[in-house]
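Dear colleague,

I am passing on the structure that we discussed, and my notes follow it. Please read them with the model open beside you.

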Amino acid sequence: MTDATRSGLRLSRIGIYAVLLLAALVYLVPLFVMLLTSFKTPLDIRTGNLLALPTDWTTVGWSKAWSSACTGVECEGVRGYFWNSFKMTVPAVLISTLLGAFNGYVLSKWKFRGSDLFFAMLLFGCFVPFQVVLLPMAATLGKLGLANTTAGLVLVHVIYGVAFTTLFFRNYYVAIPDALVKAARLDGAGFFTIFFRILLPMSTPIFMVSLIWQFTQIWNDFLFGVVFASGDSQPITVALNNLVNTSTGVKEYNVDMAAAMIAALPTLVVYVVAGKYFIRGLTAGSVKG
Amino acid sequence: MEHIQRHPARVARAPSRLLDGLQRWLPKLVVAPTFVLVGIGVYAFMLWTGVLSFTSSSFLPVYDFVGLDQYAKLMNNDRWLTASANLGIFGGLFILSCLVIGVLLAIFLDQKIRQEGAIRTIYLYPMALSMIVTGTVWKWILNPGLGLEKLVHDWGWTSFSFDWLVNSDMAIYTIVIAAVWQASGFVMALFLAGLRGVDPAIIRAARVDGASLPLIYRKIILPSLRPVFFSAIMVLSHIAIKSFDLVMAMTAGGPGYSTDLPAVFMYANTFTRGQMGLGSASAMLMLGAFLALLVPYLYSELREKRHD
Amino acid sequence: MNRMTRTLGALALTSALLPVGNAQAGEVEVLHWWTSGGEARAAAALKEMMEEQGHTWKDFAVAGGGGEAAMTVLKTRAVSGNPPAAAQIKGLDIQEWAKLGFLTNLDDVAQQENWDQLIPPRIADVMKYEGHYVAVPVNVHRVNWLWVNPEALAKVDAKVPTTLDEFFATADKLKAAGIIPLAHGGQPWQDATVFEAVALAVLGAEDYSRAFVDNDMDVINSPKMEETFAQFAKVMSYVDDNAAGRDWNTATGMVIKGEAAMQIMGDWAKGEFTAAGLTAGKDYLCAPAPGTAGIFSFNVDSFAMFKLNNEDNVKAQKDLARTILSPKFQAVFNKAKGSIPVRTDMDMASFDACAQDSMDAFKSTAKSGGLVPSVAHGLANTSYVQGQIFDVVTNFANSDNPDPAEATNQLAAAIQAAL
């Protein structure tokens with residue numbers, strides 16, 4: 001390698017790092033702003049600017065958001081709603097992931113006539129805007145006796161999440177050689193045996209992808225939460241909206257930002273901690289179809 | 001493998017027919033619940049919406065038949081026309097920008113970067129935030145009086161102006177900015193995973209032939225990532241349609257209705273204005289547009305997969 | 001047998017220990033969007049009064065957009081066969097819900113409490129469907145107020161404007177002095193509120209009613225309407241450039257701080273001044289919006305009562321209706337919220353100067369015909385017509401080259417399409 005090439009490469013490496021770091025900055029600034037604001041006093045926010053450090057670090061925003069901000073006639077903060085979200089999200093994520101796994105298995109290894117059409121129609125269902133289904137879903141849940149229950153909300157999330165989980169699992173299993181399954185079949189293994197003994201053990205990466213994706217989508221959902229849950233069982237997104245969109249009074253941005261951070265914490269933690277599983281799962285073939 | 005094939009046939013002949021029958025039905029049984037759930041939750045409901053679009057339903061459904069009245073009303077509605085145009089602008093820019101930025105960042109990150117894990121997490125985390133949070137934060141950042149413009153003024157550059165958020169013509173682009181910020185990291189992750197799966201032997205061969213790195217990327221690697229593009233576009237389109245939350249949080253459709261999107265229009269008419277018939281017609285047009293664009297794409301991609 | 005006696009004994013003892021009123025204690029689920037500090041406290045007073053009567057209050061708060069999200073939720077609840085006991089519905093939407101058969105009949109409570117004598121007919125009509133009470137009014141807001149920072153006016157040596165021309169003259173002086181003449185938030189309903197005030201000034205109460213309540217096309221598509229739009233454009237030219245998307249209370253904050261001199265807003269703005277520790281008549285002034293003296297544009301918050309199956313809950317619901325119109329609640333609530341009581345027999349001595357002015361205007365306009373429903377707040381039309389009007393008005397307010405003639409045509413077409 002000549003000197004010129006080496007310095008050329010060095011320059012381009014610097015260029016690459018520069019771009020990456022600049023991008024990182026852009027991605028981080030909003031989070032930084034949110035965090036900073038949540039630790040300021042309202043006076044500080046009004047008189048200072050976005051990136052200024054707090055002149056008076058205070059956790060009043062956080063404590064208020066957690067336990068005393070008004071989300072209606074109740075002024076208990078968002079803590080109760082935090083647990084509601086968990087109660088609703090965990091079952092929905094697990095059920096939709098399991099269904100997706102089975103569906104993906106069938107659509108890749110046990111194809112039948114029309115299974116490809118079924119897959120395509122499932123995919124198209126990803127695009128239905130949720131507003132369209134609110135009223136008919138409400139009527140249906142009412143008839144099923146599930147109106148206004150956590151179970152009803154879980155059912156709704158499963159219905160609209162199963163298309164994505166199926167997509168993930170199907171693409172992943174398609175990459176696994178058919179020969180493996182054929183051999184097992186000829187050995188006398190049945191449908192479930194093959195799934196549990198062969199495919200499931202090697203599905204950890206894609207399980208992680210599905211769990212992470214579904215958790216994020218369901219935890220962050222607002223529309224279904226506000227429509228299909230009521231009062232005490234509302235998820236935290238609804239409480240956050242009530243807190244932030246109040247129509248009178250001085251806007252307490254520090255409380256708003258703290259509440260937004262509390263609402264975002266579980267998904268953030270999931271992405272930071274499990275992010276590498278996410279990448280690993282995507283790398284393991286789910287993406288290449 | 002041949003010797004394995006010859007043995008089981010002798011052993012498992014008798015009970016195999018019953019089991020075979022069961023095996024044939026089992027896969028269908030397993031996907032049946034999903035079939036039912038999605039059949040009702042998506043298709044039956046869409047059909048119902050379609051039916052409603054031909055009625056004069058206002059507050060709640062009413063089943064009279066008024067032909068194409070609602071659709072005609074839509075075509076004369078300036079707000080709907082603005083919203084449709086906005087979807088084209090927003091959707092197109094959003095998907096394109098996310099793809100470009102995602103691919104670029106993925107390529108850069110693939111160059112054996114130190115601290116890759118940390119940088120990746122930084123790019124990825126915005127996806128974890130709900131669109132309401134994203135919209136609220138960006139609304140604040142882009143607010144001329146409180147955010148970026150004020151910050152730059154405070155730093156001394158007083159002629160700087162960035163008032164897109166309050167400008168009827170430019171506001172839609174602020175929505176694009178916030179949405180791209182949120183989703184481009186995810187696209188980066190998809191492509192990074194895809195790049196990692198590319199066979200290094202091919203690259204080495206091309207290198208030996210004297211091709212430069214950018215050329216290799218352009219002519220060899222990116223084309224091989226077609227399935228990744230497919231997944232990315234699927235996810236991005238899904239997000240584009242769902243951007244209801246983002247618009248509501250950032251601009252509520254304003255200034256005026258210059259950042260209105262079909263989903264917001266549909267919501268406002270069906271629920272706030274008690275015009276279910278009109279709202280349903282707008283929903284059907286929205287779906288129709290996506291059908292027209294996505295079905296050919298889906299079809300071509302899935303067909304390719306089968307022939308792979 | 002011993003066990004049975006013991007069980008019966010235990011049951012007898014338990015029921016003897018239960019408070020007598022328990023047999024009638026019901027639960028009311030109340031849908032509303034009062035989620036901020038001040039409003040929430042006002043609503044909490046109602047909750048306490050219900051709990052004093054032995055009932056339980058199930059809160060169902062959905063914030064956002066002055067009720068948009070709440071209305072969506074309400075429709076889905078109704079469709080699923082499970083509506084709340086009471087919902088914060090106002091204006092002609094009440095009749096829509098009643099027409100669909102969802103609302104219950106409150107005539108027995110109305111008769112016991114003499115509602116027909118206490119509530120002005122113009123307002124009672126909004127609460128009734130086919131002559132029967134189906135909703136309870138909670139308060140009366142006057143929409144056409146002008147809020148003024150006297151110091152700002154003093155700086156340019158101006159008086160509170162009483163006509164649109166005076167307003168423009170004062171505004172020019174303020175602009176020259178570097179004070180924002182009109183604080184405003186660029187949201188459709190706020191644009192419509194200012195438009196309504198201008199329309200009242202230009203058209204007068206009668207033509208306003210003909211245009212916006214009766215939807216008389218001759219008045220809508222007329223030169224006077226063009227003039228209304230022209231004057232509206234002129235008023236809006238005194239708003240600062242950053243108004244888009246701003247919340248109304250932030251705009252009020254600008255007046256409080258002296259950055260702006262005036263705001264055209266309903267009387268809920270008073271809550272902001274009070275919260276800032278200011279006194280009416282001294283630290284801030286309230287006057288009818290320029291050109292609208294003698295006109296009272298009303299916005300009434302109300303709770304519509306839904307049909308319920310459970311008898312205990314029905315009793316609780318009726319108690320709720322009664323409590324809402326009780327003098328005690330009317331006093332507590334309206335003082336906190338900045339509006340005036342619906343009951344015309346209240347002693348207003350403990351209310352502040354602006355509220356007293358408002359009540360006087362309320363009573364006198366009820367007799368003189370100047371009491372008109374607010375179009376910007378949904379009291380004059382169905383939400384469809386209102387939405388169409390909003391679209392035209394906000395588009396006009398935000399356009400770079402507002403054309404009054406074109407806007408008038410658009411308004412006529414928009415309202416026509418919604419009829």
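Does Leu211(A) count as buried, partly exposed or exposed? Leu211(A) counts as partly exposed because its relative accessibility is 27%, where buried means under 20% relative accessible area, exposed over 50%, and partly exposed in between (1.4 Å probe, protein chains only). Leu211(A) lies in helix α10 (residues 204–219) of chain A, helices being DSSP runs of H or I with at least four residues, numbered from the N terminus. Leaving aside residues up to four places away in sequence, Leu211(A) touches Val93(A), Leu94(A) and Thr97(A), a contact being heavy atoms within 4.5 Å.

This is a predicted model, in which local features need pLDDT of at least 70 and side-chain atom pairs count only at pLDDT 80 or more, while totals for chains, interfaces and linings use all residues. Residues are numbered from 1 along each chain as its sequence is written, chains are lettered from A and ligands numbered from 1 in the order in which they are written, and side-chain values use heavy atoms, with hydrogens and water left out.

For chain A, the mean pLDDT (the predictor's confidence in each residue, from 0 to 100) is 83, and 92% of the residues reach 70 or more.

Key. Helices (H or I, at least four residues) and strands (E, at least two) are DSSP runs, numbered from the N terminus.
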